[in-house]
Amino acid sequence: MIKVALIEFYIIFLMGLTFVLDFIVPEKGKGKIIGYLNSFLLLLGIFLFIFFKNFVGNYYGDFYFDEFSYAFKLLFFSAAFIGILGSIHYVENELPKRKAEYYLLILTSVLGMSILVSSKNFLLFFVAFELMSIPLYVLSAIRKYDQLAPEVGLKFFLVGAFSAAIMFFGISFIYGASGFLEFIKIKSLLSDFTPLFAAGIVLLIAGLGFKIASFPFHSWLPDTYHGAPEPYVAFLAVAPKAAGFAAIFRIIFEVLPSDKSDILLLIILLSFFSMFIGNLLALPQKNLKRLLAYSSIAHIGYILVGVACGTKEGFSMVIFYLFTYLFSNMGAFLFVETVRNTINKTDIDDVKGLSQKAPVLSLSMLIILLSLGGIPPVAGFWAKLYVFLAGVHAGLWYLALWGAILTIVALFYYLMVAKKLYIENSDTEFKTNMPFNLKLSMIICIAGILYFGVFPRILLDLSNWAVTSFVP
């Protein structure tokens, strides 16, 4: 058992340590001490993943530690590391009475994600899903003094509860059709779709669609991103979505019968409309956070191209995309946090002429925008290229072409931000207030974007290896 759940025990250790430190560390500086310690231990955990690799292939009951879950757990650790590191200044200054709680909630959510990607039983799957989600609802409303926080928290909670209910309905239908909750038994028993089983799968995909915020389940995303704390949104924008995609992978490969064409057609439609709606609604946005929110919906559409392939290549490229997206999207929200921290505004017009006042920060944002836009030679370019190529190889050339056309549309709003940074002038005073932790987390994001842009092979090999446990 210990070999199988070593990573989960490590996260529980971090949670216990944070809980104890909350009582013994003096109030002044508590946010920094706990934050830096958690960041260091998460970074140590990322290095220990080399050791964890020795336990890949073990399982305990319906809890598996395979190549697939290994790759996603590494992604969750990386997102939590950057997210907590980027939050330290914010927690210390803006959450005076909830410093340890903030970190505990992040770690609890990571624990839920980690269990979710190892689950091959719907009961464990659902419990892990809720363990991941509930801390996120609390975190979105943790800024009590902010007028938007209660509204954002309530809206996110209601949507999350609705999606959980839909998912639970789906699981109950699947259980009714098969008589089992274990993925392996369901797949071996059902050789074809029955109406009840098909309804269960559709409801399950719909519930997960809320979590990844694909069309038509995306309405909660812009308001939540706009009203929630930026460092938390950086984490929210990547890790839970990756967990949602991991859950969809498991269901498609390990629950569905061999003929998946009807469900893949549903995924194709979700991808098509997510790319269209996300890019279309991003165009008129005047606020950076809302622009990034709608851009996220478009990125979900691009990622779904790989899922719609239904092949190992497609799934491998999705994992590659999610890793590059981690650095690009988290970097973008850390930039927004720096702007808000400096002038307490987050509109696009507020960054006019920033390149003259903060050239390094502006250059960092430009690199992030290029990566989000898929411009070479940064990591985002390879992510889009590979996922579209996987689509072409799977016969979905029309979906890849649609994605390529909308990528060009997306360049308009990304370059609009770059234009504000570099071409337009402003008389607004802008003396950058970027604490050490924000600088460090931003450097990590930029380093990841540039490194994997020049050396994508390392990430490519990891992504290909992660899907070896799936049948061809």
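Visitor: Is S69 buried or exposed?
Guide: S69 is buried, as its relative accessible area is 0%. Buried means under 20% relative accessible area, exposed over 50%, and partly exposed in between, with a 1.4 Å probe and protein chains only. Keep in mind that this is a predicted model, where local features need pLDDT of at least 70, side-chain atom pairs count only at pLDDT 80 or more, and totals for chains, interfaces and linings use all residues. Residues are numbered from 1 along each chain as its sequence is written, and side-chain values use heavy atoms, with hydrogens and water left out.

Visitor: Where is the place of S69?
Guide: S69 sits in helix α3, residues 67–94. Helices (H or I, at least four residues) and strands (E, at least two) are DSSP runs, numbered from the N terminus.

Visitor: And what does S69 contact, leaving aside its neighbours within four places in sequence?
Guide: Beyond those neighbours, S69 is in contact with Y64, V117, S118 and R250. Contact means heavy atoms within 4.5 Å.

Visitor: Which side chain is joined to S69 by a polar contact?
Guide: That's D66, and the polar contact between the two side chains is 2.9 Å. A polar contact is a pair of N or O atoms within 3.5 Å; within protein, one must be able to donate a hydrogen and the other to accept it, and residues adjacent in sequence count only if both atoms are side-chain atoms.

Visitor: New topic: what joins F215 and P216?
Guide: A cis peptide bond, with omega about 0°. P216 is in the loop between α8 (195–212) and α9 (220–227). A213 is also placed in the loop between α8 and α9. A213 has a positive phi of about 65°, although it is not a glycine.

Visitor: Is A213 buried or exposed?
Guide: A213 counts as buried because its relative accessibility is 0%.

Visitor: How about helices, at what angle do α12 and α18 pack?
Guide: Helix α12 (residues 261–282) and helix α18 (residues 397–422) pack at about 15°, with axes 9 Å apart. Axes are lines fitted to C-alpha atoms, for helices over the stretch in contact, and angles run from 0 to 180 degrees between N-to-C directions.

Visitor: Which residues make the contact?
Guide: Among them are I268, F272 and M275 of α12, and L399, W402 and L406 of α18.
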